[in-house]
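Let us learn to read a protein structure together, one feature at a time.

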Amino acid sequence: MSLLGADLRAFIAAARKEVRQQRRYPTLFLGQIFWPVLLPASWVLMGRAYSGNDPQALAAFADRAGSSNIAVFVFVGYAMYNWLSVLLWGAGTALRQEQLRGTLEAVFVTPATRLVPLFGPGVGMLLPMAVIFASNFLALRFFFGIFPPIGAVIQAAVIVVLGIPALYAIGALFAASVLRFGEVAPVVQLIRGMFVLACGITFPVAMLPLWAQVWAKILPPTYIVDDIRRILLRGDTIADVAGDVAIVLSLAVVTGILAVAVFRYLEMSARRTGMLGQF
Amino acid sequence: MTAAPAVETKDLVKVFERGRRTIWQRLRREHDKRERFRAVDGIDLVVEPGEIFGLLGPNGAGKTTTMKMLATLLIPTSGTIRVLGIDPLMRPREVRARLGAMLSGERSLYMKLTGRENLEYFAALYHVPPGETKARIEKVLAAAKLADRADDYVERYSTGMRQRLALARALLPDPPLVVLDEPTVGLDPQASRDLRDRVRELKAQGRTVLLTTHYMEEADQLCDRVAIIDHGRIVALDTPAALKRTIRAEEVVHLEIGLDGDESAVIDRLGRSATVARSERSNGTLTVTAHCASARDFVPAAFDAARSTGTTIHHVEVVPVTLEDVFLALTGRALRE
Amino acid sequence: MGEIRAAFAIARKEIRAFSRYRIAVASTVFTPLYQFIIPAFLFGAAFAVNGRAAGLAATVGTDDLPGFIFFGGLIGGLIGMAFWGVAFSIRMEMDTGTLEATWLTPTHHETVVIGRALGSLFWFAISQVALFAFGIWVLGLRLRLEMLLALPAVLCAILAMVGIAYLLAGIVLLIREANFFVDTANFLFGMLSGTAFPVTLLPGVLQPIAFALPTTYAIDILRVQALGARPLFDPALEYVALVGLTLVSYPIGRWVFGRAEETMRRRGMLAQY
């Protein structure tokens with residue numbers, strides 16, 4: 001049996017374990033339907049309060065955000081927020097728990113590649129992500145009566161798929177980095193807060209001070225959110241955003257390499273100091 | 001005039017329901033299919049003032065449920081209770097004010113507070129007068145041998161220290177009655193001994209102590225009287241010495257017998273010179289516990305019995321009678337099964 | 001007297017114990033900032049025409065965007081206090097085992113709710129002072145003297161949330177998925193009270209619920225008196241509704257809490273582990 005085949009199976013096993021664990025907590029699943037609808041819906045209503053249906057106010061928003069369609073703008077931003085949340089929570093806590101339970105050590109003594117515990121849990125996040133995107137889409141349709149053209153939806157889905165490696169790499173880098181911290185939760189809050197403020201999740205990036213806009217430019221979610229909004233709201237095509245996609249994919253490679261490097265470094269130092277269980 | 005009993009229960013019953021009855025089932029008035037479980041099944045107890053009274057029984061026998069009903073945390077299904085002459089159902093707060101209870105031990109402390117801060121907090125909740133609080137806390141800390149560690153966070157305490165702090169807290173209201181649920185569970189032998197010494201001090205101070213345990217040595221050494229409890233019922237109640245006398249044996253002999261065929265013949269033969277309290281077979285070994293008047297007489301008879309039935313005795317152990325044997329004789333089971 | 005001392009002891013314990021979790025203390029300020037205040041401010045500012053929140057003025061009658069956000073957040077923080085600071089933390093004590101020891105003392109069980117509310121109010125006040133300071137320095141929040149006129153409404157809202165905290169504590173002690181309930185119900189309560197947007201924007205079916213919550217009136221009075229916003233109803237009528245609902249919240253809350261306590265004593269749920 002090829003080593004690649006065995007590694008692939010190890011990845012699938014790690015993903016299946018995550019899915020199983022999620023199924024044991026029904027409210028977690030309920031939350032994955034509830035929150036992705038409630039949170040953005042409240043922001044859409046906030047947007048309505050701020051716009052006051054005033055043509056000038058809406059024009060000002062369109063000028064900064066690229067469109068005056070508040071609902072789609074907010075829902076796309078929140079889809080990314082939820083994606084990041086699931087990813088940071090899932091990947092961060094999964095690896096940390098493996099470490100605490102000692103199962104990380106157990107994986108290290110198998111011949112499977114070291115990358116299984118680093119990237120494996122992320123595969124399990126794909127299902128909740130699909131549920132979240134679906135409930136976002138349905139909420140837009142049924143609560144706000146918005147029907148984006150099917151061609152645009154398919155193209156937006158392609159952008160999401162192309163964004164997966166980058167998000168994946170962010171999750172892995174985060175997971176490897178938090179191994180050194182005792183508590184994962186506050187770090188998740190902090191990092192997620194940074195993304196919320198920097199990537200144009202609930203407000204246009206144009207509202208940020210210039211120095212913060214520079215930071216936003218090195219974060220893949222900024223591009224992914226913007227591209228999806230352009231496709232859904234302004235009728236752009238994938239060809240129009242190809243440059244952004246190239247940047248996102250390159251950032252994915254850089255972040256992925258960084259994640260592996262951090263993880264390798266921690267593993268090496270653990271093997272030297274003999275503290276594999278707790279780094 | 002004799003003082004009222006410290007604790008008195010009559011036909012005390014507690015039934016728990018297992019499983020859930022959903023709102024949907026309630027709305028449709030479906031038949032309640034929950035399993036009913038009698039945790040306490042008609043307990044009559046009288047604990048006299050000033051004694052150390054033990055409830056001895058295996059896990060799940062109903063000891064903790066009984067304690068919680070006395071301590072006002074649980075409402076009985078039926079029966080009556082008087083704690084220091086007060087009905088805990090009608091006047092729960094009066095009972096709580098006079099009762100020092102240590103139920104779930106170390107789990108019941110605030111880990112991010114110091115020992116002293118924990119006691120200050122509970123002193124206020126026990127309504128200790130402000131003027132007395134400081135002296136009272138110093139007193140219980142000293143008695144618990146925690147005075148030098150009083151200003152450390154409880155999370156840095158050992159299990160034994162936490163248990164002593166929990167007991168110190170129970171003594172804050174200066175209660176005439178102290179109830180302790182499994183006070184030495186999880187403690188190392190030294191910490192257990194310390195805690196038992198503390199319990200004896202409580203008695204010396206004139207307090208009544210009611211404790212539960214599944215350690216027979218603890219009940220034997222510590223208690224003036226013991227109620228043996230099994231499946232929610234009291235199966236025997238007396239002083240430890242009197243309980244041990246009930247099995248009409250001076251000594252207990254444990255035998256390990258190697259045999260291939262049926263064990264009934266050898267058990268039958270052994271039964272002629274002792275009471276076979278328990279026998280258990282695993283693979284080719286039969287383990288027998290026999291109660292006898294004299295091991296000097298029984299052991300040679302046991303070897304004769306083995307020879308005549310074609311079996312071999314591999315191991316003999318003679319021990320004095322303990323409460324464990326009383327429990328075995330009454331229920332046919334060991335305490336820790 | 002003993003009960004009052006006990007309530008303050010509980011509050012003091014709450015303040016002490018929480019202060020020892022430094023990250024949690026910091027997040028009482030940081031989380032509302034990044035989750036709500038800053039994004040809401042920048043979102044609202046994206047609708048500004050020539051630096052003026054004209055859209056907001058059209059909706060609520062004031063163009064004071066930071067004021068609108070911060071006063072909504074103030075009542076939102078109060079709601080969070082009842083849900084997390086009182087109800088959920090009592091549930092946490094039940095799960096860790098300390099509630100049983102508290103229940104063994106002669107202190108009235110209701111005093112536990114009051115004491116916790118006092119302790120949480122302390123942290124609520126600290127975090128609001130820090131948030132308002134941030135608002136004044138960074139987001140251009142302006143405080144004016146006439147804002148003090150809204151103080152009775154805030155005090156009334158505090159009292160109402162303590163009444164509601166009884167009710168919540170009763171529910172949270174009995175249900176299995178307490179965390180999920182508190183998280184979602186807290187959010188919905190805030191939204192339905194109008195913390196982030198006026199309740200008139202809610203779908204029609206939800207508006208009757210909004211008008212049954214005392215906090216809806218507290219927020220409205222606050223925005224009317226502190227910011228000069230357009231009121232939902234006659235402010236005098238809103239005061240009557242606020243006081244009335246506050247008074248009603250106590251008997252209902254205490255009844256639910258008492259029932260929950262009795263159910264726990266009947267079923268033996270106090271220490272499940």
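The dialogue below goes through chains, helices, cores and backbone angles.

Q: What kind of model is this, and how are residues and chains labelled?
A: This is a predicted model, in which local features need pLDDT of at least 70, side-chain atom pairs count only at pLDDT 80 or more, and totals for chains, interfaces and linings use all residues. Residues are numbered from 1 along each chain as its sequence is written, while chains are lettered from A and ligands numbered from 1 in the order in which they are written.

Q: Which pair of chains has the most contacts?
A: Two residues are in contact if their C-beta atoms, placed from the backbone, lie within 7 Å. Two pairs of chains touch, and the most contacts are between chains A and C. Chain A and chain B share no contact, and their closest C-alpha atoms are 16 Å apart.

Q: How many residues of chain B are in contact with chain C, and which helix gives the most?
A: Here 26 residues of chain B meet 24 residues of chain C. Helices (H or I, at least four residues) and strands (E, at least two) are DSSP runs, numbered from the N terminus. H4(B) gives the most to the side of chain B that touches chain C, with five residues. That side has 17 nonpolar, three polar and six charged residues. In this count, Ala, Val, Leu, Ile, Met, Phe, Trp, Tyr, Cys and Pro are nonpolar, Asp, Glu, Lys and Arg are charged, and the others, Gly among them, are polar.

Q: At what angle do helices H7 and H10 of chain C cross?
A: Axes are lines fitted to C-alpha atoms, for helices over the stretch in contact, and angles run from 0 to 180 degrees between N-to-C directions. The axes of H7 (residues 151-174) and H10 (residues 214-227) of chain C come within 9 Å and cross at roughly 165 degrees. H7(C) is therefore roughly antiparallel to H10(C). The cut-offs are under 35 degrees for roughly parallel, over 145 for roughly antiparallel, 65 to 115 for roughly perpendicular, and oblique for the rest. Their contact has nine nonpolar, one polar and no charged residues.

Q: How are H1(C) and H6(C) arranged?
A: H1 (residues 2-19) and H6 (residues 109-138) of chain C pack at about 45 degrees, with axes 7 Å apart, and are therefore oblique to each other. Their contact has 12 nonpolar, four polar and three charged residues.

Q: How many residues are in the largest nonpolar core?
A: In soluble globular proteins, nonpolar side chains tend to be buried together. A nonpolar core is a set of buried Ala, Val, Leu, Ile, Met, Phe, Trp, Tyr and Cys residues joined through C-beta atoms within 7 Å. The largest one has 236 residues, and C:Ala87, C:Ala165 and C:Ala169 have the most contacts inside it. Helix H4 (residues 70-101) of chain A gives the largest share, 18 residues.

Q: Where does C:Asn50 lie?
A: C:Asn50 is in the loop between helix H2 (22-45) and helix H3 (54-60) of chain C. C:Asn50 has a positive phi of about 50 degrees and counts as exposed, with 7 C-beta neighbours inside 10 Å.

Technical notes:
Buried ≥ 20, exposed ≤ 12 C-beta atoms within 10 Å, placed from the backbone.
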